[in-house]
Amino acid sequence: MRFPPIEKTAVIGVIGAGTMGAGIAQLAAMHGHPVRLMDTNQGAAAAAITRIEKALTTLVEKGRLKEEDRIASIARLQPVDKLDAMADASLVIEAIVENLQIKQQLMRSLEQHVQPAAILATNTSSISVTAIANGMQHPGRLAGMHFFNPVPLMKLVEVIAGAETQADVLDTLAALSERWGKTAVRAASTPGFIVNRIARPFYAETLQLLQEQAATPAQIDRAMRSIGFRMGPCEVMDLIGHDVNYAVTTSVFEANYGDRRYQPSLVQKALLDGGRLGRKVGKGFYEGTPSAVPEPAALPLVAPARVAVAGNDAISTHLADFFIQRGLRIDYQLEASWSGVVIGDVQLRFSDGRCAAQLSHELGIDSLGVIDWPLLSESGNAIAVSCAPRMSEASRQQVGAALNQAGLEAVILRDVPGLVVARTVAMLINEACDAVWQGVCTEPAADLAMKLGVNYPAGPFEWLQLLGPQRVIVTLDHLFQAYRGERYRVSPLLRQMAWVA
Ligand code: NAI
């Protein structure tokens with residue numbers, strides 16, 4: 001059986017009137033659909049409609065919604081308390097508690113009440129769509145429709161295919177999402193789908209650095225904000241809540257049979273154990289709300305005679321552009337056989353996943369340091385640096401001072417491999433490559449999902465375009481050698497990209 005497109009005024013059912021259900025109901029009603037909102041908790045649907053009314057009033061006050069549209073939207077919302085009320089719905093979206101058995105039970109019951117041509121969707125963030133469909137009479141009619149919080153604002157919907165989902169159901173839900181002003185990306189039902197999978201290293205690399213005592217949360221957050229993230233990983237984890245973030249990581253880890261790439265962190269577990277759940281309790285990595293990450297210091301911009309950019313590759317050029325945009329005239333050593341920054345007699349080489357001690361040992365150079373990938377944006381000027389153990393104290397001070405003069409805040413880290421940005425971005429790219437390799441999504445879908453679902457400044461494949469596969473592979477291979485274990489294994493897709501490049 002084929003499922004017809006969902007008409008503009010088709011009835012939409014929403015089950016579960018919590019945070020997500022209320023957001024979905026608001027979105028559907030604002031786009032002209034009569035909405036039946038149901039919740040097993042008595043009064044919850046009516047309370048959600050009251051919350052939606054308030055949200056719409058705020059939109060009118062801000063001039064983003066016409067008063068007549070507010071009135072019409074509210075009139076379309078109907079609280080209901082039985083599944084019978086879904087009989088005339090063309091689509092029913094569930095946003096109930098995240099529990100497989102309860103979702104399966106709901107879908108089996110729903111099928112008894114809806115019309116044969118009705119599509120069913122689940123907003124689950126972590127449960128297999130294939131598993132939710134198990135036991136349904138027509139599992140082909142169920143797909144994932146994964147919205148992001150807050151639903152009215154976030155532009156992404158992951159449209160997720162379970163093993164049995166019909167192609168026309170996916171097409172219909174993608175078209176509907178676009179009509180509702182969202183961008184739909186397609187994904188296969190695999191642990192974490194796209195966003196919650198590819199985002200794991202954003203948290204995991206930071207937690208690893210913290211476990212290794214390499215940096216403070218504020219240092220890492222400043223370095224990551226400087227490449228365009230609106231918030232650093234520690235701030236984001238505090239915002240999401242460590243209980244929720246840890247649960248997502250654990251579910252992806254377990255769903256992958258304990259693949260160490262996704263292993264949860266003892267650092268986060270300790271926060272959980274100590275009740276430091278983040279902003280919602282006023283303490284996590286940071287204390288208070290909002291968190292107190294110091295803003296970057298305004299640095300004087302004077303072109304220091306001793307600073308030069310070495311090399312002629314993509315990231316040297318990116319750093320050179322950063323200086324040019326700030327009107328700084330910096331020397332260039334285009335013919336250098338390595339790339340990085342020269343400060344007096346000190347070489348700061350761009351990270352390739354080796355720590356400064358290893359590089360210094362291999363090259364026989366004492367005045368050597370490693371500097372992070374300078375993917376700097378307008379939003380910050382912090383960059384991680386580490387120094388080889390034999391670098392003199394005077395040279396270390398010279399490094400910090402000269403970078404400051406060139407408008408960069410040198411975040412001097414303990415000498416760990418991969419620093420902050422290099423290890424995180426390399427791992428985000430690697431995870432995205434594996435997702436594509438395994439047929440979870442396409443490259444453009446991965447980029448769109450990360451930019452729209454979690455506000456990344458660039459998609460993983462956009463970064464890869466700039467960095468080139470070889471640099472990422474070399475970095476990951478060095479990290480692999482440093483740590484051993486499964487975590488830093490290179491995706492087969494990434495290796496193939498290097499061979500065809
Ligand atoms: P919530 O706890 O705010 O709301 C869930 C609602 O469902 C509650 O009102 C509860 O009374 C109701 N409910 C529970 N069992 C029910 C049943 N059998 N029939 C009808 N109503 C029932 O939860 P939230 O955050 O809205 O999440 C809902 C779903 O959306 C979950 O599957 C979650 O994983 C997913 N999700 C959550 C996101 C978030 O940021 N909160 C983001 C994306 C997906």
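**Cysteines, packing and backbone**

Modeller: Let me begin with cysteine 433, whose sulfur is 10 Å from the closest cysteine sulfur, the one in cysteine 441, and that is too far for a bond. Please keep in mind throughout that this is a predicted model.

Biologist: OK, and is cysteine 433 buried or exposed?

Modeller: Cysteine 433 is buried, with a relative accessible area of 0%. Cysteine 441 also counts as buried, at 9% relative accessibility.

Biologist: How many disulfides does a search of the whole structure find?

Modeller: The search of the whole structure finds 0 disulfides.

Biologist: Switching to packing, then. Which residues have the most contacts inside the largest nonpolar core?

Modeller: Those are Leu110, Trp373, Leu403, Trp463 and Leu494, in a core that has 122 residues. Helix H16, which covers residues 421–437, gives the most to this core, contributing 11 residues. There is also a second, separate core of 42 residues, which includes Ile12, Val14, Met145 and Val151.

Biologist: What is tryptophan 463 in contact with, leaving aside its neighbours within four places in sequence?

Modeller: With those neighbours set aside, tryptophan 463 is in contact with Ile227, Phe229, Leu375, Val425, Leu428, Ile429, Tyr456, Pro457 and Ala458.

Biologist: And how do the axes of H17 and H18 cross?

Modeller: The axes of helix H17 (residues 443–453) and helix H18 (residues 460–467) come within 7 Å and cross at roughly 110°, which makes H17 roughly perpendicular to H18. On the H17 side, Glu443, Ala446, Asp447, Met450 and Lys451 take part, and they meet Pro460, Phe461 and Glu462 in H18. Sorted by class, this contact has 4 nonpolar, no polar and 4 charged residues.

Biologist: Is helix H10 mostly covered or mostly open?

Modeller: Helix H10, residues 233–240, is mostly covered, since 6 of its 8 residues are buried. The buried residues are Pro233, Cys234, Glu235, Val236, Met237 and Asp238, and they pack against helix H8 (200–211), helix H9 (217–225), helix H11 (242–255) and helix H12 (266–273).

Biologist: What does the backbone do just after H10?

Modeller: Just after H10, glycine 241 takes a positive phi of about 100°.

Biologist: Which residues have a positive phi although they are not glycine?

Modeller: Tyrosine 257 is one of them, with a positive phi of about 55°, and arginine 484 is another, with a positive phi of about 60°. As background, most residues other than glycine have a negative phi.

Biologist: Where are they found?

Modeller: Tyrosine 257 is found in the loop between H11 and H12, whereas arginine 484 lies in the loop between helix H19 (469–483) and helix H20 (492–500). Tyrosine 257 is exposed, with a relative accessible area of 82%, and arginine 484 is exposed as well, with a relative accessible area of 55%.

Biologist: Last one: which residues does a cis peptide bond join?

Modeller: A cis peptide bond joins asparagine 149 and proline 150, with an omega of about -5°. Proline 150 has its place in the loop between strand S6 (142–147) and strand S7 (156–161). In general, most peptide bonds are trans.

Methods: Residues are numbered from 1 along each chain as its sequence is written. This is a predicted model: local features need pLDDT of at least 70, side-chain atom pairs count only at pLDDT 80 or more; totals for chains, interfaces and linings use all residues. Side-chain values use heavy atoms; hydrogens and water are left out. Axes are lines fitted to C-alpha atoms, for helices over the stretch in contact, and angles run from 0 to 180 degrees between N-to-C directions. Helices (H or I, at least four residues) and strands (E, at least two) are DSSP runs, numbered from the N terminus. Angles under 35 degrees count as roughly parallel, over 145 as roughly antiparallel, 65 to 115 as roughly perpendicular and the rest as oblique. Contact means heavy atoms within 4.5 Å. Ala, Val, Leu, Ile, Met, Phe, Trp, Tyr, Cys and Pro count as nonpolar, Asp, Glu, Lys and Arg as charged, and the others, Gly among them, as polar. A nonpolar core is a set of buried Ala, Val, Leu, Ile, Met, Phe, Trp, Tyr and Cys residues joined through side-chain atoms within 4.5 Å. Buried means under 20% relative accessible area, exposed over 50%, partly exposed in between (1.4 Å probe, protein chains only). A disulfide is a pair of cysteine sulfur atoms within 2.5 Å.
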